[in-house]
Amino acid sequence: MTVSKKMLELGKQSSVIREIFEYGLKRKAEIGTENVFDFSLGNPSVPAPPQINASLKKLIDSVPAEKLQGYTSAPGDQTVRDAVADYIKKTFNFAATSELIYMTCGAAAGLAACLNGLIAQDDEVVVFAPFFPEYRVFVEHSGAKLIVVPCKEDNFQPDFVSLEQAITAKTKAIIVNSPNNPTGTCYREDTIQKLAEIMKQKQKEFQKPIYILSDGPYRELVYDIELPYVPHYYDNTIIIYSYSKSLSLAGARIGYIFVSPLAENANDLFAAICGAGRALGYVCAPSLFQFLIKECIGLTVDLSIYKNNRDLLYNGLTDLGFTAVYPSGAFYLFVKSPLQDAKEFCEHAKKYELLFVPSDSFGYTGFVRIAYCVSTEQIVNSLPAFEQLAIDFNLLP
Ligand code: PLP
């Protein structure tokens with residue numbers, strides 16, 4: 001066959017997360033939805049705010065179809081990009097300009113466009129493990145080598161000693177994801193300051209820019225802390241954002257890239273990202289949803305529901321003797337597997353209709369990710385099943 005061998009392999013590989021999700025669908029059909037405790041997918045469960053539907057209706061009724069459903073400019077409608085720039089200025093007190101904003105089909109397209117815009121032959125991109133599995137796909141497709149730096153296991157914060165060793169003359173960028181998928185950890189101001197300090201030193205040492213790609217689709221999903229805005233701390237920063245989680249618009253495929261105006265040669269950097277967007281066929285993010293964002297910018301889903309889920313699950317599981325990283329954001333709990341092989345542990349949990357994902361999928365061993373973007377009822381009803389699991393592994397205090 002004459003197709004690309006690399007793409008054929010990628011297309012045929014099924015993700016473990018998807019496999020577990022599909023298994024869950026099958027079980028739900030067999031024994032009833034309410035009897036399966038599916039914590040596998042990071043699909044937002046809290047409904048979008050009511051203003052979303054109201055604004056969609058208003059847009060459909062009031063904006064001519066040729067505008068609402070036609071092409072916008074390649075990087076997005078100018079008035080939408082202006083609205084995003086204004087939002088960044090007001091919310092983060094950072095001087096954003098619409099000239100450096102590119103509307104994208106979610107963070108996935110944003111990451112792919114940034115990496116393809118940046119990468120030259122022999123470049124390396126550093127990620128902290130555990131990490132969102134698609135990072136490997138996007139980085140390797142851009143032609144770069146993925147360099148994995150494990151986090152500190154006691155709190156899943158970056159290990160700066162290992163980071164310093166991992167950054168070389170070949171490093172083009174590092175990807176930072178806070179709030180984090182899969183651990184739910186967030187990086188506080190002192191962490192971002194330290195990170196920026198190291199990166200500045202390395203830029204000086206190697207006499208070249210090294211970029212921070214700040215992948216922040218969970219930015220608003222924080223429960224106990226204030227998140228620093230990375231461009232305040234490091235000039236060569238590119239923000240990748242998405243409304244998938246904050247507005248539960250994962251299927252709308254809408255987000256943006258924002259290149260800091262303080263980045264070296266920001267205009268050329270942005271132009272290279274536009275070029276990559278063009279080469280990848282990512283121009284003109286869905287128009288209807290671009291206009292929707294302009295109407296609804298600044299709104300979020302009801303975050304108290306995720307916070308309540310977080311508290312119920314974290315307290316419930318730690319009371320049963322499980323060890324978990326305390327998550328300050330996103331909607332994931334990262335729990336230590338009582339078996340060395342987390343895959344085996346996930347298989348065992350199926351006995352009680354509990355479905356979650358081994359950390360191996362995220363480039364890390366010995367943990368499982370439990371996505372709590374589910375109904376609160378599911379969490380409450382699942383606790384007896386978790387208790388059975390705790391009994392099997394002798395965890396009960
Ligand atoms: N980055 C991280 C860390 C994610 O968890 C996800 C999705 O779950 C994405 C990026 C992609 O998000 P989007 O739906 O906006 O493409």
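Modeller: A quick definition first: helices (H or I, at least four residues) and strands (E, at least two) are DSSP runs, numbered from the N terminus. Also, bear in mind that this is a predicted model.

Colleague: Okay, where is P179 found?

Modeller: Start with the peptide bond: S178 and P179 are joined by a cis one, with omega at about -5°. As for its place in the chain, P179 is in the loop between strand 5 (171-176) and helix 9 (189-206).

Colleague: How far does a polar side-chain atom of N181 lie from an oxygen atom of the ligand?

Modeller: A polar contact needs N or O atoms within 3.5 Å. Y218 has a polar side-chain atom 2.7 Å from a ligand oxygen, and R253 has one at 2.7 Å too. For N181, the distance to a ligand oxygen is 2.8 Å.

Colleague: Which helix gives the largest share of the shell around the ligand?

Modeller: The ligand is surrounded by 14 residues, and the closest are A107, D215, Y218, S242 and R253. By type, the shell splits into 6 nonpolar, 5 polar and 3 charged. The largest share, 3 residues, comes from residues 106-118, that is, helix 6.

Colleague: Switching to aromatics, how many residues apart are F356 and F386?

Modeller: The structure has 26 aromatic pairs. F356 and F386 make one that is 6.1 Å centre to centre with 10° between the planes; planes under 30 degrees apart count as stacked, so this pair does. F356 is in the loop between strand 10 (354-355) and strand 11 (357-358), and F386 is in helix 14 (residues 376-392), so by those DSSP runs the pair links distant parts of the chain, with a separation of 30 residues.

Colleague: Last one: what is the phi of F156?

Modeller: Find F156 in the loop between strand 4 (145-150) and helix 8 (160-166). Most residues other than glycine have a negative phi. F156 isn't a glycine, yet its phi is positive, at about 55°.

Note on methods: Residues numbered from 1 in each chain as written. Predicted model: local features only at pLDDT ≥ 70, side-chain atom pairs only at ≥ 80, totals over all residues. Heavy atoms only, no water. Near = heavy atom within 4 Å. Polar contact = N/O pair within 3.5 Å; in protein donor to acceptor, adjacent residues only side chain to side chain. Nonpolar A, V, L, I, M, F, W, Y, C, P; charged D, E, K, R; others polar. Phe/Tyr/Trp six-rings, centres within 6.5 Å; stacked < 30°, edge-to-face > 60°.
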